[in-house]
Amino acid sequence: MRLNKNVFLIAGFGLTALVGCGEEAEITSYTTDKPGHVDPQVRDQMGMPMNHPSVMPGTQPSGNGEDLVAPTQLDGIAFEVPEAWRYTGVGQFLLASFQITPATKMTISQAGGALTAQVNRWRGQLGLGSVEGEVDPASLEHIETAVGEMLIVDLASEDGTRRMRIGMMPHMSDGQPTGQTWFFKLDGDGSDVEENVAAFDSMLAGLSPAQ
Amino acid sequence: MNDIAMIEEKTPNIPKLILAATGSLKIAVVLLSLGLFLVFVGTLAQTRLGTWEVIDTYFRGVYVMVPVRLITELFQGKENEALRGPYLFFPGGFTILGLLSLNLLSAMCQKIARDCKSSARAVLLRRHVGIYILHVGLIVMFAGEFVTGLYAEEGTMTIPVGGWADHVEDHRATELVFLDTSDPEQDRHIVIPESLLMRHAATNGDGEIISHSDLPFDVRVEDYMTNAEFLVRERVAAFRGAGSRIGANRIPRWPGTEPRQNIPAITVTLIDKENGQPIGTWLCAAAPEQLKLNPELSIALERVESVLGPDMPFHILSLPLAGQQEVKEGMPTMQLRLARRYMGYRVYLDKVEHDVYDGTGLPRNFSSDVRVADQTAGVEHKSHIWMNHPLRYDNETFYQHQMDAGVGLTGLMVVNNPGAWLPYISCGIVTLGMLVQFSVSLFGYGRRSMR
């Protein structure tokens, strides 16, 4: 009997010691260097895209764009934007963003979703009602590019103060559609957009496969 | 028999009794059997739980409640619903290993004590020295598992070509951080660890809040989900940010057999420290890039962005203070992110290589050329990391883990394990013990043959 008691005593002591190993984490406060930007020269030498969102995971765009280098190609597509459009970086859901005027910008992104849902979403942003039925792609404006046919949706708010012109194209990988769509979106003040439509369409028409 | 001898016989020798009880071979057999069963149920549990969850609860726990259905479903077929009781109370891996170590130590002490008491002490000690060494080797091996389980840290470091990183991310834990980027030189992080978030989430019915002098707000954790699925919902006025259009439902963590990533999520209410009034409730997710793969969520997120601004991604929710509706550069932000460990030095990535066998897409080699720049130590160290050839620096080991050569990214697995060398030391000791024991037996046999 005495033997068994000892066994239980020792086992109990061992368990208590093991349970005591845990410790409660506490709130901490510390400072770190700001996330660094990548060296464009090194990436250029390696022939790698400069501004893919996952290049700097967890970081935010700088916002002022002064120390950022505008990309000329993204995910297999090369493009050329007018020099006056100021590159402002990437976002969690934006591959690139260019500020044209304080109230107008051009963004490049990839996302999924059906055409009608997309159009209704943009209409909602402009305060317009949803379209009835499905949007017929044939009814939309087209721009031929070296990487495929671009569908154009042009929408304006009822008072004309805000306008969006969006170019859409299926995203491809190894010649196969991935289910995602490229979006090139000119969005902002109605008159600013009007002034930049020609440059925007010219940029879209000049899309080409990345080297 | 005189009185003293009788008293000695009646008085129990406590250390001897303890050694006899704990060093019993029967106990060793029972513990090894328990260990075998634990490995069995732990393996089964990986069809229901994540690999690391199983390691932490089954193999590195003090005790574990094993669902009996885990075993019965082997015969009755697997059901999709979550496992519920009855449960089998079972000692965890650490308990079994701890008791096994004690058993081994006691057995060794008993043997040494017995040999020492013998009249042929010198002969017996010499004859058994190899066995003593073997026991020490095994105890060192067990100690290695304890040290690894309790103190090892690992995480991934993602670096873009031409860029650098100074921290690793632990994919098994999250943290809620308030990030102040207003200083042009440095960012300030105020971090609430996951364990604290989970503890407060469990008691949120009591209205308990997290309050700390460094926090810009008091925080009430409404809910914490170790894995969540997201859905678009009608606008919920109570929520600010993405949570106003996107809801999160708690789901079980993906099991180890599923190659899917858990997406932890949290809903928190921030409370003004001065007047005690709630500022708003936010929903944050720790892996928003995964959400983009869902077209509906992607659209909803963009809709939220269109309302709140383009630089308002899902997990980096800037905090408009009371009365301020616009988000401005440098405003403190709140994120639920993977738990970070900062290294105190930078690792630069100069080059990545992804080679495949000619004519196939089969990978042949992944490698990264990195530079460690440690300003504190005045060290700039170059290294070529590739499969099974890690970089070792400052008690950390950097293994080649992932790569996206197209985008120009490398993922390094960074491990800090103070017990990393113990298995090697243990193997060395065991080998030495076996050699010694073999030599003693061989020479003993030789001597006897000579006679």
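Modeller: Strand β2(A) pairs with β3 (residues 77-78) of chain A in the antiparallel sense, over two bridges; two strands count as paired if DSSP finds at least two bridges between them. This is a predicted model, in which local features need pLDDT of at least 70 and side-chain atom pairs count only at pLDDT 80 or more, while totals for chains, interfaces and linings use all residues. Residues are numbered from 1 along each chain as its sequence is written, chains are lettered from A and ligands numbered from 1 in the order in which they are written, and side-chain values use heavy atoms, leaving out hydrogens and water.

Colleague: Which residue is the bridge partner of A:Leu74 in β3(A)?

Modeller: That partner is A:Ile77.

Colleague: In what order do the three strands of the open sheet in chain A come?

Modeller: The order is β2-β3-β11, with antiparallel pairing. β2 (73-74) and β11 (208-209) stand at the edges; each has a single partner strand, so one side of each is left without a neighbour in the sheet.

Colleague: How many helices and strands are there in chain A?

Modeller: Chain A has four helices and 11 strands. Helices (H or I, at least four residues) and strands (E, at least two) are DSSP runs, numbered from the N terminus.

Colleague: And what percentage of chain A counts as buried?

Modeller: Of its 211 residues, 44% do. Buried means under 20% relative accessible area, exposed over 50%, and partly exposed in between (1.4 Å probe, protein chains only).

Colleague: Switching to chain B, where does B:Gln400 lie?

Modeller: B:Gln400 is in strand β17 (residues 396-404) of chain B.

Colleague: Why does B:Gln400 count as buried?

Modeller: Because its relative accessibility is 15%.

Colleague: Which side chain makes a polar contact with the side chain of B:Gln400?

Modeller: That of B:Thr410, at 2.9 Å. A polar contact is a pair of N or O atoms within 3.5 Å; within protein, one must be able to donate a hydrogen and the other to accept it, and residues adjacent in sequence count only if both atoms are side-chain atoms.

Colleague: Last topic: in which helix does B:Phe146 lie?

Modeller: B:Phe146 belongs to helix α7 (residues 121-151) of chain B, and it counts as buried because its relative accessibility is 16%.

Colleague: How far apart are B:Phe146 and B:Arg60 in sequence and in space?

Modeller: They are separated by 86 residues in sequence and by 8.4 Å in space, C-alpha to C-alpha.
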